[in-house]
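Thank you all for coming; I would like to walk through one structure, a few places at a time. Please have the sequence and the 3D view open as we go.

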Amino acid sequence: MITHHPSLLRPPILTSRVGVLGRRLTPHAFLSATVASARPSTPPLRLRPVRAAAFGASQVGGDGGKGAVPPPALGAVLLGFARSNFLPLALVAGVILGLLNPTLGCLAHKCSLSKYSTFGIFLISGLTLRTEELGAALEAWPAGLYGIGSILLITPFLAQFIMQVQLLPREFITGLAMFCCMPTTLSSGVTLTQIVGGNSALALAMTVVSNLLGIITVPLSLAKFIGAGAGLSLPTEQLFRSLVTRLLIPLIIGKVARETVKGIADFVDRNKQGFSVASAVLLSLVPWIQVSRSRSLILSVQVKALAAAITIGVLLHFALLAFNAAMLQILSRLEQKGEPVFAKKEYARAVILVASQKTLPVLIAVVDQLGGALGESAFLVIPCIAAHINQIIIDSIIVNWWRQRDQQFANAK
């Protein structure tokens, strides 16, 4: 039976300490120290720092003590909130700026800044438009067909219900009913679809087709639901030229530049968030200019009547959102064969956003052509300006909620 010397049970550091203290090493102790030093040392035990829980939970520091993790600074919290909600904040800031000081907004209108902003939005859309999205848009033609039908044929029926509301001045209700008959927005729906990661090519297709067909359908809807026999007409040539110059041409320029200029596609894809911010800034210029131009009229209206008109406009947009979302759910359940179209997230979000919005520039063009046939032009436009701004703000909040939910789902994987 072999018995080890007690020194073998000591760690090497203790053996060294014994030597330092001047104790005499016996042969057995010397042999024990040599054997112990030849053995592979046990790796030191490392303590991983414990992450602090929220609201001031403590964390084990390197010295073994406990220290509270400081909460994030107020500036960091505000910056994170601004990044997550940049678009609605930019829109609200534009409205407030237009109400406080309309001088700059009126000057921007004289310089036709809104036209250039729309050009810039679709130029960015062309730069970020991938070829595979075009193919996906062709595959999703049933969703696009439903969206166009909802914009031009289904939602105008809401005008006859809005006309039953009793509110003074009467032009407020008439203007909102006219708003239901308009095609979709030229830039807002596409921009929001792009920000949320939906199929922007599908959104563009619905925007272009609905606005082109709207030249024919809008006068018919207005005459049937609002002003039968009023002799309504649209400036067809002017609207068509506006669509081509402000939408199609910048879109084609951006797409050609992406495909032909070396390195631009990689640069755009690497800085996709920056281009989204640029689109949001350009989009926020539209309500800023509109509010600046109409500030005196907005302030001249009674607060109670204006609040009622704004509330009706908000409820109208929520009704459109709910209707389109419910219809997509029904159509997705009816799909039986092949690749699902209505159930795909990128298609459904594009349809919901684009089909639930109404454009303001076309309505203003129609009001100008009426020459006061349906009432005071300014009062017809005021509630529609509010409805146009509100729909963008509401949809931007929904887009941010979608993005945050997608991020949480991605982090959970």
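In which helix is the place of Leu97? Leu97 sits in helix H4, residues 86–100, where helices are DSSP runs of H or I with at least four residues, numbered from the N terminus. Before I go further, this is a predicted model, in which local features need pLDDT of at least 70 and side-chain atom pairs count only at pLDDT 80 or more, while totals for chains, interfaces and linings use all residues. Residues are numbered from 1 along each chain as its sequence is written, and side-chain values use heavy atoms, with hydrogens and water left out.

Leu97 is partly exposed because its relative accessible area is 39%, given that buried means under 20%, exposed over 50%, and partly exposed in between, with a 1.4 Å probe and protein chains only. The C-alpha atom of Leu97 is separated by 9.6 Å from that of Ile289, although the two residues are 192 apart along the chain.

Let me turn to the surface. Leu74, Val77 and Leu78 form a nonpolar patch there, with about 300 Å² of accessible area together. Of these, Leu78 lies in helix H3, residues 74–84, and Leu78 counts as exposed because its relative accessibility is 51%.

Next come two backbone details. Leu168 and Pro169 are joined by a cis peptide bond, with omega at about 0°, and Pro169 is found in the loop between helix H9 (158–162) and helix H10 (170–180). As background, most residues other than glycine have a negative phi, and most peptide bonds are trans. Ser112 belongs to the loop between helix H5 (103–110) and helix H6 (113–128), and Ser112 is partly exposed because its relative accessible area is 26%.

The structure holds one cavity of 30 Å³ or more, and about 40 Å³ of space lies in the largest cavity. Which helix gives the most to the lining of the largest cavity? That is H17, with four residues, while H17 (303–334) and H20 (377–412) each supply at least two. The lining residues of this largest cavity include Phe179, His317, Lys358 and Gln391, and the lining as a whole divides into four nonpolar, four polar and one charged.

How values were computed: Patches are made of residues with over 30% relative accessible area and no salt bridge: like charges are joined within 9 Å, nonpolar side chains (Val, Leu, Ile, Met, Phe, Trp, Tyr) within 5 Å. Accessible areas come from the Shrake-Rupley method with a 1.4 Å probe; for residues, only the protein chains shown count as cover. A salt bridge is a side-chain nitrogen of Lys or Arg within 4 Å of a carboxyl oxygen of Asp or Glu. On a 1 Å grid over the protein atoms alone, a cavity is a set of points where a 1.4 Å probe fits but cannot get out, and a pocket is an open set with protein on both sides within 12 Å along at least five of seven lines; lining residues have an atom within 4 Å of a point. Grid points are joined across faces, edges and corners, and a volume is the space filled by probe spheres set on the points. Ala, Val, Leu, Ile, Met, Phe, Trp, Tyr, Cys and Pro count as nonpolar, Asp, Glu, Lys and Arg as charged, and the others, Gly among them, as polar.
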